[in-house]
Amino acid sequence: MIWILYISIGINLLLILAWIFYYRELKDMILQVKAIKQGNSRTPLKRVGVSKRHLQLVEEVNELVDSFNQTSKENKRMAKQSKEMIASISHDFRTPLTSMIGYIQMMDTSEMSARDLKYLTIIEERTQLISSLIDEFYLLSLLDADDYKVQEEAVNPITLIQEQVAQYYEELTAAFDDINIDLTEERIVLQTSRIDFERIIQNLIKNAFTHGTQYFHIRLEKQEERLRFVFENKILEDQKMDVTRLFDRNYQSEPARQRDSSGLGLAIAKQLSGKLNFSLNAQLQGDLLQFYLDIYLDSWKIRNF
């Protein structure tokens, strides 16, 4: 009878070993599937063990992985093709539009009637607007490309902001009763792209005088780990705004949709900030809209002259 006991124990041990092996197979397959699901793996599922059911499951999953990889490659190819097409079209439109603006400005207006002069002014304004929109689309297509180049140089961010405020002073005074530019006179040298930094500031200022009212303020907050430039303005009482979508492309709050604006300016400013390793965020406190442009210690230093 003892041999029956030994056989029973042996069978139980084999069943336990089979269950452990099955569990380890299943666990390993689950880990592989999770890695594929989270995008951490594009390799086929490894065959674990010799179970026919497991092998069949692995083959089915690998077919899905292969289909996903093919779809992903095709989507990337189409997205790249689309970006290149937008960049090409935008570039092709820029030259004739620039010529049109030049011809309009060269026209002799001395003998024009007031009516003709009015329509010519409207044509020029609309042509300038279209040219500006195309420039924005072209810049976005470049920013989306992985090979966007940043040309760094030593600049004083305070000086650049002051220059942009001076450039748009007429528009700012027309939009706001109270303008306060509170920037320190300390010489700060920043190693970054002058053109891209100026574009960020331009878009923040343009957004302010296009959609703001009454009050506009720029100030510098120096902290231990960063420089923070704060741009703030009041907005209209009836203006409905989703601050979480301000940097989305083509997002426009109400009643901003009624104005000549593409809604791309803040999206461009956000992407440029990322390219320069800055941080650009926004918050709404009551009727006060605030933008925070943060420049961290590894990007700036103070020089004493």
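## Arg219 and its neighbours

Arg219 touches Asp182, Leu183, Arg228, Phe229, Val230, Glu232 and Gln290, leaving aside residues up to four places away in sequence. The structure shown is a predicted model. Arg219 has its place in strand S4. Arg219 counts as buried because its relative accessible area is 19%, and the limit for buried is under 20%.

Glu221 is also placed in strand S4. The side chains of Arg219 and Glu221 are joined by a polar contact of 3.0 Å. This pair also forms a salt bridge, in which the closest N and O atoms are 3.0 Å apart.

## Glu221

Is Glu221 buried or partly exposed? Glu221 is partly exposed, as its relative accessible area is 25%.

Not counting residues up to four places away in sequence, Glu221 touches Arg226, Leu227, Arg228 and Val230. Glu221 and Asp294 are 73 residues apart in sequence, and their C-alpha atoms are 9.5 Å apart in space.

## Salt bridges

How many salt bridges does the count come to? The count comes to 7 salt bridges. One of them joins Arg219 to Glu221. In another, the side chains of Arg228 and Asp294 meet at 2.7 Å, N to O. This pair links distant parts of the chain, with Arg228 in strand S5 and Asp294 in strand S7, 66 residues apart. Arg228 counts as buried because its relative accessibility is 16%. Asp294 is buried as well, with a relative accessible area of 2%.

Arg228 and Asp294 also belong to a network of salt bridges that includes Glu225 and Arg226. A further salt bridge is made by the side chains of Arg245 and Asp248, at 3.3 Å from N to O. Arg245 counts as partly exposed at 36% relative accessibility. Asp248 is partly exposed too, with a relative accessible area of 33%.

## The nonpolar core

The largest nonpolar core has 45 residues. Which residues have the most contacts inside this core? They are Ile161, Phe197, Phe229, Phe231 and Phe291. Helix H6 gives the most, with 7 residues.

With residues up to four places away in sequence left out, Phe229 touches Pro157, Ile158, Ile161, Leu183, Arg219, Leu220, Phe291, Tyr292, Leu293 and Ile295. Two of the residues on that list, Ile161 and Phe291, are among those with the most contacts inside the core.

## Helix H7

Which residues of H7 are buried? They are Gly265, Leu266, Ala267, Ile268, Ala269, Leu272 and Ser273. The cover over the buried residues of H7 includes H3, H6, strand S6 (279-285) and S7.

Just after H7, Asn277 takes a positive phi of about 65 degrees.

Met85, Ile86, Ile89, Phe93 and Phe137 make a nonpolar surface patch of about 460 Å². Which helix gives the largest share of the patch? Helix H2 (residues 52-106) does, with 4 residues.

Ile86 is one of the patch residues, and Ile86 lies in helix H2. Ile86 is partly exposed, with a relative accessible area of 35%. A residue needs over 30% relative accessible area to be part of a patch, so the value of 35% puts Ile86 above that limit.

How values were computed: Residues are numbered from 1 along each chain as its sequence is written. This is a predicted model: local features need pLDDT of at least 70, side-chain atom pairs count only at pLDDT 80 or more; totals for chains, interfaces and linings use all residues. Side-chain values use heavy atoms; hydrogens and water are left out. Patches are made of residues with over 30% relative accessible area and no salt bridge: like charges are joined within 9 Å, nonpolar side chains (Val, Leu, Ile, Met, Phe, Trp, Tyr) within 5 Å. Accessible areas come from the Shrake-Rupley method with a 1.4 Å probe; for residues, only the protein chains shown count as cover. A salt bridge is a side-chain nitrogen of Lys or Arg within 4 Å of a carboxyl oxygen of Asp or Glu. Helices (H or I, at least four residues) and strands (E, at least two) are DSSP runs, numbered from the N terminus. Buried means under 20% relative accessible area, exposed over 50%, partly exposed in between (1.4 Å probe, protein chains only). A nonpolar core is a set of buried Ala, Val, Leu, Ile, Met, Phe, Trp, Tyr and Cys residues joined through side-chain atoms within 4.5 Å. Contact means heavy atoms within 4.5 Å. A polar contact is a pair of N or O atoms within 3.5 Å; within protein, one must be able to donate a hydrogen and the other to accept it, and residues adjacent in sequence count only if both atoms are side-chain atoms.
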